[in-house]
Every structure is written in structure tokens, then in C-alpha cells.
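Biologist: Can you take me through this one? I have some questions once it is on screen.

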Amino acid sequence: MTQPIIEIINLVTYYDSRKILDGINLQIYPGETVTILGRSGCGKSTLLRHIVGLSHPTDGQILIKGSDITRLNEEQRLPTLKKIGMLFQSSALFNSMTVGDNVALPLREHTHLEEPTIQIMTRMKLDQVGLSGFEDFMPAQLSGGMKKRAALARAIAMDPDILFCDEPSAGLDPIVAVGIDQLIMKLKKAFKMTIVVVTHELASVFQIADRVALMDKGKIIAIGTPDDFKNSDNETISQFFNRIPDPENIDKQEYLNSLIGNSK
Amino acid sequence: MSRLINILGYIGRSANSFFSRLTRMTALGENAIYWVIVAPFKGKGIRWKSTIHQMVLIGFNSIPIVVVICFFVGLILAMQSAYQLERFGASIYVADLVGVAITREMGPLLTAIIVTGRSGSAIAAEIGTMKVYEEIDALQTMGLNPVRFLVVPRLIALLVMLPCLTLIADFVGIAGGLTLATLNLKISFVRYLTQTANALVLKDLITGLAKTIVFAIIIAQIGSYQGFSVEGGAEGVGKATTAAVVSSIFLIIVADLVCTIFFYSTL
Ligand SMILES: Nc1ncnc2c1ncn2[C@@H]1O[C@H](COP(=O)(O)OP(=O)(O)OP(=O)(O)O)[C@@H](O)[C@H]1O
Ligand SMILES: [Mg+2]
């Protein structure tokens, strides 16, 4: 059996006194695409932030290629980070730089390539996400979907081994969204990238995922292939996959109490 | 009893937050010193392009406002001192008063306050906005150190440009005094300048410029500290900007007092 490329062991995290992640265990193997599903606010973005070392967990370990990212200092982390791409939920493009400079930045900082080579690679990456010709635009001049794609181009600029995407297709029109799914599959095939995608789009889950992890209230409550999930009779899972809303609040007294701030 | 506990709790929390702020501020300072002084020897260079860009923004673009304000202050100082000195028939000493006051005190202080208003606030706002839009996080996930990337260019630009601006301010302030003296006090151009040259010693100029190094560090450090501590959205950026300006000006004046006491008593 191959070693997992990412192994999360018993990850616990608090924001102030609120428990956000409650004992996450997850193994991700090289070359697979894992999607993380879960309701808004269940801690998906927080989980990604921990894996890339932006936040420190209260407890637990995160092993990336065998080394625990939570215990490494900045310098020791660098080789790992160079091989990780991250697409933020908010795109997080550098607003003071052109789109081209955004994509070129990691190449300029981490490689000794000549400037013309960097220019060519930048154009190639932008072309891959369907933004060729936009390298001189400022991020403010792009639409939300174009920003997402530019950010994706930046995330894959260094040809990472592992790519994290936080809701890559949220807010995109269906055609572009499918385009992003296809791009993700292409990256997986061509570069054997390990890809972790947070998404709410069920269609893309079935298209891209090898495995699906379902999160709820800071825990991973189920993990398996998309087909496992489709056929599951677990209540939360089928609620998610069959798009069933929460039941309406029936207990009138409790509802009233919660409105007037009296709930125990 | 419960009130006592409340008060003690308040004192405890305030002390706690004060010390944690102090720790974070020290960490930022340490980090900046590392990236300015140590890291270049390890082959991790300073970002010169962005440093020069900041020099233009912070230094060059401040010249007009520094010139205008310091000229006016030179004029004002000359008028106020002439008002006193004319009674003793000692108008020529306006040159001494203006020269010494500008080079030792007003030039460095006014320049630092103008630059705080223009650039200290901009540093806090830029870094704060980047924090809000997760740009700082993006830098970190790329393995790029935000202090090296954002703070060091601004710090170096301030360290170089603030003394230069102060030098300009000194000259222009003296020119302000000169203008009043020639137009209003019937002191000749040459006589005023000779009087100024005799009144000033090198120490005046140097103590004035030495202070600006301290001021530059204060402006860069407070501006970026406030920027990095932004929480929440646009409102947080606004608060950080105001806090950066207010606390920088306060600290600049305290530092000025300390420097002046030091120079006054030792040199
Ligand atoms: N900086 C913060 N300070 C305090 N609480 C936070 C902070 N960031 C996130 N949280 C809390 O952590 C929880 C998880 O947030 P997270 O952003 O991980 O959700 P998510 O699963 O990504 O949701 P979405 O699908 O809407 O993006 C939320 O309840 C949120 O209130
Ligand atoms: Mg999220």
C-alpha cells in the first residue's frame, strides 16, 4: 500500500472558545482527487488553512510527505510550500500587481529562470485557464470568475505536487465551471497532481472526485467514493446529495424563545 | 465583591493584551531586522525594485508638501522671533533663532509628522487591505515572507528618504526666515546667511538628522504593525490607519523628547 501524501491525525482547533475542527482524521494518497463537502461554516476553509500551515491547530498532526507541517519553522517549511498550490475562496490575487505579475511572482521568487522564460510560462499558465491576453490587466478589472481562474493559474505556476482549491467554481457560470472541472482533471492526468477540492457543486463532485469526504460540525462524518455516497442511506449524506433542506422549525415555543433570546 | 473582581479582571485583561501586543510588535521588529541585516548575507536579497518604488512614493512625492510647509514655518518662526527681538534692536538674531530651531527641531519633527500622515497611514492601509483580502495568506502559502516582501522595502525607503527630506526641510525653513528678513527687517541677503552660518554648528544638523533615523523606524514599524493586526473588513482598515497615525505621532514626539534630553545632556 502506498504512503499517504497528506495525513491528518486527530486535528482539533478552536477559534476563541468555539471548537471549529473536532478531531479530523484524513489520509490523501498521491495522485488522487479528494473533494471535501459540507455545509457552509462547517470548517472546510479552516481545514485547508491548517493543511497549508496558515493556522496552528490546538492539537493534532498534519503530515505532508511525512513531515509534520505544524512543527516546522518557516525555513523548514519552504520546500514543502513550493510544491503546494492553493486557490483561495476569495481568490486573493495581489491587487497591486497585474495578472501576469501575479502568476509570475512565484517563478521570479523561487526559480532562477530568465525573464523571457518566465514570461512564456506565465502566458502558458494563463492560457490553460482560458485567460490568454489578460496578463496586463489589473485584478480589479476582472470579473469574479476570471479572478478565480487567474488565481488558479497562479496556484499552478510552480507545477505543484499538491493543489488545494477552495470552491473553485462557486459563482461561475456553468460553462466556465465545467471548464474548471476539466482543467482540474487535466492537471491530475498530465502532472499526476494530488488535488483537494472544496466544493458545493454536486455535478463536479461526480465528475472529478476519486473520493469524497463529508464534513459536518468540524468532523468528517463519511468518506468514500462518489458512488458509495449516492447509494448511502445515511440521513445527512442523502440530505446533502438529494438536496433536501433542513426541516422547518416545528416547535413554536422553542422558535419563539430563540427569537427573544431566551433559549437555554 | 463582584465589582472588585470585574475591576481586577479588567486590569488583568488590559495588561495581558498590552503584553501580547508588545510581544507581537517585538517579533515584527526582530523579523524586520533579520530581513534587512542578516538575510542578505544568506543570499536572500532585498527587493530593490519595490524598495525604489517605495522611495519614490514615500520620499520624492512628499517633497512639494514638505517644501511648502517648512517654508511657511520658517516664515512664522522668523515673524514670531522678530516680534520679540526688534524691541531690543537685535533683529539680526532672527537668523540664529530660525536656523537653530529649524535644524535641531522643527525640520526633523515636521518632516516626520508629514511623512506619518502621508506614508505611515498608507503603509497601514495597504498592508491592512492585503490582510483583509487574504493576500498576506497567499504570500505565506507561496513561501514568501510578508515582512521581507512588504515591510523591508518600506522600512529601507523611510530610512533613506526621511533624512533627505529633513535636509530639504532645513534648507527651505531657513529660506523662509531669510525671505522675511530681507523683505521686512531690511537685513541683507548675505548678512542673514553669514549670521546663520555662524550660528549653526555641525552638531545642530547632525543631531537633527540622527533623530530622523529613529522616526523612520517608528513610522515603518507602527504602520506595518497596525496593518498586520487588521481584523474584519474595511472598517478594520480605517481603524488601523487612524491608530497608526495617532500612535506614530505620539511616539515620534516622545522619541524626540528622549533624543533631545540625550543630546542636550551629553553632547
Ligand atoms: N478568523 C476567524 N475568527 C473566528 N471564527 C472564525 C474565523 N474564521 C472562521 N471562523 C469560524 O469558523 C467556522 C468555519 O469557517 P470556515 O470558513 O472554515 O467555513 P467553511 O466550511 O469554509 O464555509 P463556506 O462553505 O461558507 O466557505 C465558521 O463557523 C466561522 O464562524
Ligand atoms: Mg470556505
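Modeller: Start with strand 7 of chain A, residues 162–166, where five of its five residues are buried. Buried means under 20% relative accessible area, exposed over 50%, partly exposed in between, with a 1.4 Å probe and protein chains only. Strands (E, at least two residues) and helices (H or I, at least four) are DSSP runs, numbered from the N terminus. This is a predicted model: local features need pLDDT of at least 70, side-chain atom pairs pLDDT 80 or more, while totals for chains, interfaces and linings use all residues. Residues are numbered from 1 along each chain as its sequence is written, chains are lettered from A in the order written, and side-chain values use heavy atoms, without hydrogens and water.

Biologist: Which residues of strand 7 of chain A are on which side?

Modeller: A:Ile162, A:Phe164 and A:Asp166 are on one side, A:Leu163 and A:Cys165 on the other.

Biologist: What does strand 7 of chain A pair with?

Modeller: Strand 6 of chain A (residues 84–87) runs parallel to strand 7, joined by four bridges, with A:Leu87 opposite A:Cys165. Strand 8 of chain A (194–198) is also parallel to strand 7, over five bridges, and there A:Val198 partners A:Asp166. Pairing takes at least two DSSP bridges.

Biologist: Switching to chain B. Which residues of helix 2 are buried?

Modeller: In helix 2 of chain B (48–58), B:Ser50, B:Thr51, B:Gln54, B:Met55 and B:Ile58 are. They lie on the same side of the helix because they cover an arc of only 150 degrees around the axis, taken from the directions from the axis to the C-beta atoms.

Biologist: And the other side?

Modeller: B:Lys49 and B:Ile52 are exposed there.
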